[in-house]
Amino acid sequence: MLNRKKECTGCMACASACPSGAITIKEDPYGFLMPEVDPDQCIECGLCNDICPILGRPERTIPLEAWSLYHKSEEIVRISSSGGAFYGLAEQVLQQDGIVFGCYYDISQKRAYLADTDHLPLKALLTSKYVESDIGRDGLSRVVSEAEKGRQVLFCGTPCQAAGLRRLLQKEYDNLLIADFACGGVAAQPYLSDYLASLEEEYHSPVKRMSFRDKHYGWGQYCFYVEFENGEIYRKTAMSDPYFFCFLRSSMQRLSCHGCLFSDAHQSDLCLSDFWKCDFFDVDRNDRKGLSLALVFTEKGRKRIESLKETMHMQQLPVEEASYHLKSRFCPEEKLPEIYRDMTSARTEGVAALRNRLLSEEQKAFYDRRQQIMDDENERALHPDIVGNGQIMVKA
Ligand SMILES: Cc1cc2nc3c(=O)[nH]c(=O)nc-3n(C[C@H](O)[C@H](O)[C@H](O)COP(=O)(O)OP(=O)(O)OC[C@H]3O[C@@H](n4cnc5c(N)ncnc54)[C@H](O)[C@@H]3O)c2cc1C
């Protein structure tokens, strides 16, 4: 079994494959989910090693096609991270009485996990959660067993989870579509749950709703939105919010993310991402409300993308130029001590203290000012009768 903890991605394909149920999930000291073998139950069949996508050393994959796309419904674009490509794929599956698997963040338990549309509405699975999703001991085998029943199945997860699922399949299923995304890595769950708990203390109220991709300031601005039971709202852009700042700085990511083997070796049928570089292409930019980029890796993926034409605005792109961001992520050994130091600090002191330490006073003042300007500009856009100094003009 994979014993180098810094390489294990936590996809849990090994746990799903284990015939004797000897593999359980344990948290490491940072809160990352790790498979653990019970030696008393292990029958030493070696299946966990055979199935492991890391030990399988994935080969580089080259996309066949690239598409820029956004959903024809403005509401779907608004509530999706980018252009709602995931929603477009999912609604087709549901129309055929199929099942969609994705990540759900349960606010009451403060936990992200693999969920499905037999139990939750599709909208609960939308948007990016910048945290590790607990796939469960048997999460991937549940996906396979639904495909085995002949239902249409869509699975969307991180590239490592998609790779775990691919390894688990004994055969190719026409009715199973595997999607992943251009992943910037995942943080352990306690970083986020501790941070939300600290906000609850500050706002004297439990969290009711949250989003990492609130589009209040526009699609291009990562924005962390939290709504509390008492009606108060916390809304900050990535550089001003401590959790988001530490996440984007890669201070809390799983160690395997720093050397991700799947960033240029997608085992999925399709890879979705934000089409940040849309300005370099001659495409309809949807007034920058949100645009997805889909890279197609298989014939099945190609057919499914083509079938979205009724519900999505789509343009095909030159594949080489559009797949610019597919590059292997290599983390030099000498960077590891710094990564461990930040991860430990974020865990023990909290993300706010780490952000405080990493930014100079000038940088903090700059981001505070920027946040203030964006709030003012937004306020003016929402209420055009506000004059420059923030006073509301009363119309005669
Ligand atoms: C942790 C993470 C890092 C990302 N990093 C980048 C990046 O660096 N560059 C980039 O261009 N795009 C990145 N993305 C992808 C991007 O944010 C959008 O998800 C993508 O553009 C698809 O958008 P959408 O509007 O089609 O769908 P969305 O509505 O965003 O649907 C996203 C799908 O991803 C699943 N999902 C969400 N969070 C998780 C999670 N933590 N684990 C497993 N599955 C999850 C959801 O269940 C859903 O199926 C990242 C996503 C995540 C979750």
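This is a predicted model: local features need pLDDT of at least 70, side-chain atom pairs count only at pLDDT 80 or more; totals for chains, interfaces and linings use all residues.
Let's start with the ligand. It has 32 residues around it, and the closest are Ser-81, Ser-82, Cys-103, Ser-128 and Ala-182. What kinds of residues make up this shell, by class? There are 13 nonpolar, 16 polar and 3 charged ones. The largest share comes from β11, with 3 residues.

Now zoom in on the ligand's oxygen atoms. One oxygen atom of the ligand sits 2.6 Å from a backbone N or O atom of Cys-103. A polar backbone atom of Leu-125 is 2.9 Å from an oxygen atom of the ligand. With Arg-213, the side chain takes part: one of its N or O atoms is 3.2 Å from an oxygen atom of the ligand. How much of the ligand's accessible area does the protein cover? On its own the ligand has 890 Å² of accessible area, and the protein covers 94% of that.

Of its 11 residues, 9 are buried, so α4 is largely enclosed by the rest of the structure. The buried ones are Ala-85, Phe-86, Tyr-87, Gly-88, Leu-89, Ala-90, Glu-91, Gln-92 and Val-93. Just after the helix, Asp-97 takes a positive phi of about 60°.

Next, follow the chain to the loop between β5 (111-116) and α5 (139-148), where you'll find Glu-132. Is Glu-132 buried or exposed? Its relative accessibility is 5%, and residues under 20% count as buried, so Glu-132 is buried. What does its side chain pair up with? A polar contact of 2.4 Å links it to the side chain of Arg-254, and a polar atom of the Glu-132 side chain also lies 3.0 Å from the backbone nitrogen of Leu-33. Leaving aside neighbours within four places in sequence, Glu-132 also has contacts that include Thr-9, Phe-32, Ala-112 and Val-186.

Asp-134 is in the loop between β5 and α5 too. Its relative accessible area is 16%, so Asp-134 counts as buried. A polar atom of the Asp-134 side chain is 2.9 Å from the backbone nitrogen of Gly-136. Beyond its neighbours within four places in sequence, Asp-134 is in contact with residues including Ile-25, Leu-33, Tyr-113 and Gln-189. Asp-28 is 106 residues away along the chain, and its C-alpha atom is 13 Å from that of Asp-134.

In soluble globular proteins, nonpolar side chains tend to be buried together. Here, the largest nonpolar core has 42 residues, and those with the most contacts inside it are Leu-196, Leu-199, Phe-224, Val-226, Tyr-243 and Met-252. Elements giving two or more residues to this core include β4, β8 (207-211), β9 (223-228) and α12 (336-348). The largest share, 6 residues, comes from α7. Take Leu-199 as an example: setting aside neighbours within four places in sequence, Leu-199 is in contact with Phe-224, Val-226, Phe-228 and Tyr-234. Apart from this core lies another one, of 29 residues, with Met-12, Ala-22, Val-143 and Leu-165 among them.

Definitions and conventions:
Residues are numbered from 1 along each chain as its sequence is written. Side-chain values use heavy atoms; hydrogens and water are left out. A residue is near a molecule or strand if one of its heavy atoms lies within 4 Å of it. A polar contact is a pair of N or O atoms within 3.5 Å; within protein, one must be able to donate a hydrogen and the other to accept it, and residues adjacent in sequence count only if both atoms are side-chain atoms. Accessible areas come from the Shrake-Rupley method with a 1.4 Å probe; for residues, only the protein chains shown count as cover. Helices (H or I, at least four residues) and strands (E, at least two) are DSSP runs, numbered from the N terminus. Ala, Val, Leu, Ile, Met, Phe, Trp, Tyr, Cys and Pro count as nonpolar, Asp, Glu, Lys and Arg as charged, and the others, Gly among them, as polar. Buried means under 20% relative accessible area, exposed over 50%, partly exposed in between (1.4 Å probe, protein chains only). Contact means heavy atoms within 4.5 Å. A nonpolar core is a set of buried Ala, Val, Leu, Ile, Met, Phe, Trp, Tyr and Cys residues joined through side-chain atoms within 4.5 Å.
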